Structure formats: structure tokens, C-alpha cells
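Biologist: Could you walk me through the pockets in this model?

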Amino acid sequence: MRATSFRKIAEQIMARCDELAAITDESGGITRTFHSPAMQRANALAGSWMNAAGLEVSEDAAFNLIGRWPSANAKAKTLLLGSHLDTVRDAGKYDGPLGVVLALATVEHLKQQGIELPFHVEIIGFSDEEGVRYQTAYLGSRAIAGTLTKKDLDLIQEKGIEKAKRPKGEFFAYTEVHIEQGPVLQARNRAVGLVTAIASQSRIRIGFKGSAGHAGTTPMDLRRDAMAGAAEFIVLVEKCGVTATVGQLEAIPGASNVIPGEVRLTLDIRDQKDAKRIAAIGALKTKAEAIAKKRGLELTWKVMQETSSVPCDPDLMALLKKAILRHEGEVISLPSGAGHDAAAISRICPVAMLFIRCKDGISHNPAESVRAPDVAKAAAVLADYIVSLK
Ligand code: HGY
Ligand code: MN
Ligand code: MN
């Protein structure tokens with residue numbers, strides 16, 4: 001299908017991303033976390049769009065929003081499309097929601113064209129890709145995949161989310177459209193790109209415990225300063241050889257004239273190669289132990305989540321590549337440094353992802369932006385890809 005016929009659809013997609021962006025738990029920015037009041041309102045709004053498109057709308061036990069376009073063949077398998085509706089704190093408009101709204105608009109277009117598919121289609125708005133609330137990501141997609149652990153279930157207040165598990169074999173493919181969140185497509189002047197793999201990642205909670213003290217009377221050489229220990233560690237994180245980030249840091253008790261008795265921080269570590277990530281974590285843990293010992297601090301190190309790197313399915317990639325080539329002179333293939341629900345869903349079916357160029361690669365930032373013509377092209381590619389699955 002010609003990308004120009006998707007121009008109008010792209011405007012609707014952008015407008016809907018704006019509407020969702022107005023739904024937030026924290027005023028002054030976009031923040032929607034797992035099963036928060038804002039997430040419930042976002043599900044209601046996106047669910048009304050799915051309804052208007054003639055889909056069967058439901059919400060599963062893990063608060064994933066689902067819009068189903070059943071095939072005439074009841075025994076058919078299901079194609080899963082979509083992305084996540086939750087966000088990071090003070091997020092951009094497009095990381096997640098664009099993939100849900102674009103999949104819906106594309107399927108609605110196919111329905112209006114009278115296309116009949118020999119498989120069911122489900123569009124999903126996952127409930128917790130970012131993992132901001134409980135610092136363990138993919139609660140919605142891992143519930144569907146049936147891979148939640150007792151540790152996950154004990155961690156969260158909401159009970160019964162594991163009931164969202166779907167039978168293995170029900171989905172024959174999952175395909176997600178997502179902003180690139182990086183600079184490659186802009187640098188290569190391409191609107192869309194083919195994702196080859198999703199990076200592995202670990203999320204770790206670290207604590208340094210010393211003793212709180214008077215900032216004015218405690219001599220510098222008699223301190224057990226948790227902040228100084230954490231700072232020494234964070235400088236090493238930056239040089240650990242893989243993609244590593246300390247995104248949160250809390251000083252306790254948190255007063256300017258008190259030597260912090262305790263510092264809690266988060267460590268996000270990623271690499272396309274599992275072995276490299278695991279080795280970097282081991283090396284950092286050893287260094288953290290040495291710092292704690294030298295400074296008389298107590299170290300706590302809690303792995304909250306680990307996701308191995310996930311290759312995208314070669315057969316689905318070949319079909320997606322063909323669809324891209326109908327709209328782009330060349331296909332840029334690239335790995336994803338960001339995590340995605342596709343990583344969790346890959347445990348129950350083959351996955352593929354299509355990236356959309358985003359301005360300067362900015363993401364997890366209110367300045368996140370995409371262009372309507374690129375969105376139109378991505379929707380045209382997705383439409384051709386879906387039809388090619390027949
Ligand atoms: O953190 C990530 O990679 C993703 O945005 N959840
Ligand atoms: Mn995302
Ligand atoms: Mn994100």
C-alpha cells in the first residue's frame with residue numbers, strides 16, 4: 001500500500017499520541033506506571049478507540065489492554081501486535097504508545113479495505129514494559145508469557161496477574177513498531193529500520209551502609225560515609241566496558257548537614273552479548289565489595305531482574321524486510337539497545353520489530369519526537385507485512 005494513503009492515518013496516530021500524553025500520574029510531565037490511575041484512564045481511552053474500530057476489547061488479569069479482530073476460522077492462530085502504554089517518569093509521547101496506536105490504525109485500515117486474514121489479530125497495550133513502579137520490567141508481557149517468578153509476584157501488591165498467561169502456540173508471531181530511541185536511522189536518513197536483536201539487561205538494587213554523622217564535627221578520616229563510597233563506585237560504573245547507568249540514588253537520612261548513613265542506588269547494565277554483561281556485573285560487584293571493605297561500609301546487592309539478549313526471528317525479519325523495501329530504497333538493520341516487551345514475548349512465539357526514526361535519537365525525555373511522514377511509512381510497511389503473513 002502507498003505510504004501517501006497513510007498520511008491521514010498518520011495524523012490521527014500523532015493526535016492520539018497527544019491525547020494519551022495528556023494522561024499522567026504526575027502533573028507537568030508524562031508518567032504512567034503499572035496499574036496506576038493514569039494507566040487505567042489510558043487503557044479506557046485506547047480501549048474506546050479499539051471499540052470504535054470494531055475490535056473485541058478486554059483487559060487481562062495483568063491489566064494488559066487487548067483489542068481482538070477474530071478471523072472467520074475459529075481454529076486459526078493469532079498474530080499479536082502492539083507495544084506498551086506505561087511510561088518512564090517525565091517521559092516522551094511516543095515510547096510505547098506510538099506502537100499501540102499505529103498497530104490499531106493499520107489494522108483498522110485493513111478492515112476498512114475489506115481485507116480478510118486467515119488468522120486472528122490481537123493488538124495489545126502492555127501494562128508495564130518500563131518497570132518503573134516495582135523496578136522489575138515486563139510484568140504485563142511476562143504474565144502473558146507465563147514467565148513471572150514467585151519473587152515478582154511477592155514484590156507486587158496486585159495479586160493474580162499470573163492468570164493472564166496465554167497458551168503456548170496460540171500466537172504464531174508478535175511484531176512491535178517502536179521508536180528507535182537512538183541516532184542511527186536519522187544519521188542514515190531512513191524513516192524505518194529492521195531490528196535484528198534486543199540487548200540483554202540486568203537491573204540491580206545496591207546499598208552502601210555506613211554511619212550517619214554530624215557534617216561539622218566528624219573528622220574526615222573518622223567517617224563511614226556511604227555517599228563517598230557510592231560516588232567512588234559510580235565512577236567505576238562509567239568505565240565498566242558495557243552500557244551501564246545509575247538512574248536512581250537516595251541518600252539517607254537526606255539532610256545537607258548529615259553525613260549519609262546509607263545510600264541506595266539502581267544499576268542498569270546492558271549488552272548485546274549476555275556473557276559480556278555478566279562479566280561486567282561480576283567485576284563491578286567485586287569492586288563494590290572492595291570499596292565497602294576499605295571504607296567500613298556494608299554492601300547490599302540485589303538483582304531485581306535479568307533478561308537475556310533476544311534475536312528477532314529470521315523468517316519474520318525476511319517478510320518485514322520485503323515490506324520495508326517496498327517503501328525504502330535500502331533496509332537499515334540494527335540491534336536494539338533498549339529493552340522491549342518483544343524480549344518477554346519471545347519466550348512463547350517468534351518476534352520481529354520495526355523501528356521508526358526519532359529526532360536526534362532522544363527518548364525517555366519529553367523532547368522525544370517523530371515526524372508524521374515517517375509514521376505514515378511505518379504504518380504502510382506494517383500493513384504490507386501483515387498481508388504478507390497470509
Ligand atoms: O529501559 C528500556 O530499555 C526500555 O525503555 N524499557
Ligand atoms: Mn518502549
Ligand atoms: Mn522506554
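Predicted model: local features only at pLDDT ≥ 70, side-chain atom pairs only at ≥ 80, totals over all residues.

Biologist: Which residues lie nearest the centre of the second largest pocket?

Modeller: Residues are numbered from 1 along each chain as its sequence is written, chains are lettered from A and ligands numbered from 1 in the order in which they are written, and side-chain values use heavy atoms, without hydrogens and water. A pocket is an open set of points on a 1 Å grid over the protein atoms alone, where a 1.4 Å probe fits, with protein on both sides within 12 Å along at least five of seven lines; lining residues have an atom within 4 Å of a point. Of the 21 residues lining the second largest pocket, those nearest its centre are Arg205, Ile206, Glu250, Arg264 and Leu265.

Biologist: Which strand gives the most to the lining of the second largest pocket?

Modeller: Strands here are DSSP runs (E, at least two residues), numbered from the N terminus. Strand 10 (249–252), strand 12 and strand 13 (298–307) are among the elements giving two or more residues to this lining. The top contributor, with five residues, is strand 7.

Biologist: And which strand supplies the largest share of the lining of the largest pocket?

Modeller: That pocket has 39 lining residues, with Arg203 and Asp268 among those nearest its centre. At least two lining residues each come from strand 7 (200–209), strand 9 (243–245), strand 12 (262–271) and strand 15 (333–336). The largest share, five residues, belongs to strand 12.

Terms used: Helix = DSSP H or I, 4+ residues; strand = E, 2+ residues; numbered from the N terminus.
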